[in-house]
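Keep the structure open while you read, and find each piece as we get to it.

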Amino acid sequence: MALLPRKPAKHPAKPKRGKKLEIEEPGVLYGRYSSHNQKDISVEQQFEKGYELAAEYGIRIIDTYADRAVSGRTDKRRDFQRMMTDAAKGKFRYVIAWKSNRMGRNMLEALINEARLQDLGVRVLYVEEDFDDTAAGRFAARSMMNVNQFYSENMAEDIKRGLYDNAANCMVANGHLPYGYKADETLHYAIDEPKAAVIREIFTRVSCGEAFVDIMASLNARGIKTSYGRPWGRSSFQKILSNERYRGIYIYGDVRKEGGIPRIISDELYFKVQEVITTKKNPQGRHRVNGDYLLTGKLFCGHCKSPMTGVSGTGRSGNLHYYYVCQKRRTEKTCDKKNVRRDEIELQVAQAIKDYALKDDVIEWIADSTVAYNERKEAESKVGILEDQLAGTERGIKNIMSAIEQGIITETTKSRLVELESERATIKANIAAARADIVTVSRDDIISGLEMFRDGDVHDKKYQARLFDTFLVAVYAYDDDLRLVFSFSGNKNTIQIPIESAVNAVENNEAECSFKLCSAPPKEMDMTFRHVHFFWR
């Protein structure tokens, strides 16, 4: 009997500062340290802070995951993937990390990873970034992620600049060298002769028409390993046989220098092998069609307010087309909303966001609103009052110590000293908790983070996804226009744009649904930023 798919676990509530959970919940710590950033906090320090936060909330830490000297710009992190696997098994309910930039290579990736964990019934908490679980708090969190991404990309540019300086001198620009080469003492390419002999053998045997499987079996029988220390497979030869470095060409990014590294094979042998490969029967697999629907969960029917889901269909010409269709029309046949082409509506929405949300005055307003939000959080935190209490307690302790130094030692002075020291520890803990709830971001950093979006290409799907995640709450599709609801301006945060040519009917009833469905359109948001409203018609 086929098993029913597992329903997503209920997402746990966000704990409140200074108040333990009613029932102790299992949680884990995740830490990452990047060797490129020498000012980064160590994994041990991240875990120390994480344990303190877990104790405050009443979360029982059952495991830790750490990726050391690994960049957050990739999700190919061993312990991160192990953590995601354990989350899918339902082993814990909370993940505690130092900051949001531990969770992804950029803002979008961090949000996606949080959403993946949320779908598995796991909530992510950050030691240094604690926002309200409200629309305003979530928007402030996105702004903070933008700032993190801004710094990450700046650091990446510095690293890239250094690598290209090395490339200009034909030096080894990254850690992994092609099989057959090694780095000399000046970090230039040198031939590793035993492995270079294997490269010459492979090229020679392929040029004579020998099958990959036979060459593979021969190398493995002799105990020869690949550059990764693994046995050879049939796919091991593709990169080697197309690598022009073996002809003595230095290649890094767009840097290409003839004679920049020692040659291992001749031009004649290299081009002979290319001819053999292209004439050999080796059919390629069909390229997988991109089936992502970026507006899923945010696009709603203007007629009935039902979600619009992604479908694909084959036209009379045999070509595959992608659409969004009203869910009520699709399942109940009770709505007459026409389908809209996926790529056209996504492009129009992205262009509208770029035209309206990335204006100078809007960016400045977002920055001002975010700074005001942080200042309000700081004022509400009562840090000043707690610091005054701490100063008073410190004075009391100092007075008692002075009395003790003068020989006034009684049971009363001793008990009072113990009482004041306990009070001091409690106040310090309350100050630390209050400060952790305050995220300080400068106005200039917020503006810089938002201005990163301006240079993007609205035809780029990754760029569209970033725009939708950062600025968009919902899109309502009517017959003649679209109404966009932004995430930054309270309950009058809409613009309307005409639909150009995004309406079309699906020509084939056989359609494939998109990966995610929002159950209902968003309610009017009670945004904190009420002192300024935008409304474009």
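1. One definition before we start: two strands count as paired if DSSP finds at least two bridges between them. Also keep in mind that this is a predicted model.

2. Let's begin with the mixed sheet. In what order do its four strands sit? The order is β9-β13-β14-β15, and the sheet is open, with mixed pairing. β9 (299–301) and β15 (494–498) are the edge strands; each has a single partner strand, so one side of each has no neighbour in the sheet. Ignoring direction, neighbouring strands here are turned by 25° against each other on average.

3. Now zoom in on one pair. β9 runs parallel to β13 (residues 472–477), and three bridges join them.

4. Another is α15 (residues 461–471), which touches β13 and β14. The direction of α15 makes about 105° with that of β13.

5. Those two helices also pack against each other, at an angle of about 60° and with their axes 10 Å apart. Why call the pair oblique? Angles under 35 degrees count as roughly parallel and 65 to 115 as roughly perpendicular, and the angle here is about 60°, so α10 is oblique to α15. The crossing of α10 past α15 is left-handed.

6. Who makes that contact? On the α10 side, look for Asp343, Glu346, Leu347, Val349, Ala350, Ile353 and Lys354. On the α15 side, look for Lys461, Tyr463, Gln464, Leu467, Phe468 and Phe471. Sorted by class, the contact of α10 with α15 has eight nonpolar residues, one polar and four charged.

7. Over to the parallel sheet. Four strands make up this open sheet, in the order β2-β1-β3-β4, and the pairing is parallel. β2 (59–68) and β4 (123–126) stand at the edges with a single partner strand each, so one side of each is left without a neighbour in the sheet. From one strand to the next, the twist averages 25°.

8. How many bridges join β1 to β2? Nine, with β1 (residues 25–33) running parallel to β2.

9. α1 (residues 43–57) touches β1, β2, β3 (94–97) and β4, and the direction of α1 makes about 165° with that of β2. α2 (residues 78–88) touches β1, β2 and β3, and its direction makes about 145° with that of β2.

10. Last stop: another helix pair. The axes of α5 (residues 193–207) and α6 (residues 212–221) come within 10 Å and cross at roughly 150°. Angles over 145 degrees count as roughly antiparallel, so α5 is roughly antiparallel to α6. Is their crossing left-handed or right-handed? It is right-handed.

11. The contact residues of α5 are Val198, Glu201, Ile202, Arg205 and Val206, and those of α6 are Phe212, Asp214, Ile215, Ser218 and Leu219. By class, the contact of α5 with α6 has six nonpolar residues, one polar and three charged.

Methods
Residues numbered from 1 in each chain as written. Predicted model: local features only at pLDDT ≥ 70, side-chain atom pairs only at ≥ 80, totals over all residues. Heavy atoms only, no water. Axes fitted to C-alpha atoms, helices over the stretch in contact; angles between N-to-C directions. Contact = heavy atoms within 4.5 Å. Left-handed = near helix turned anticlockwise from the far one by under 90°. Nonpolar A, V, L, I, M, F, W, Y, C, P; charged D, E, K, R; others polar.
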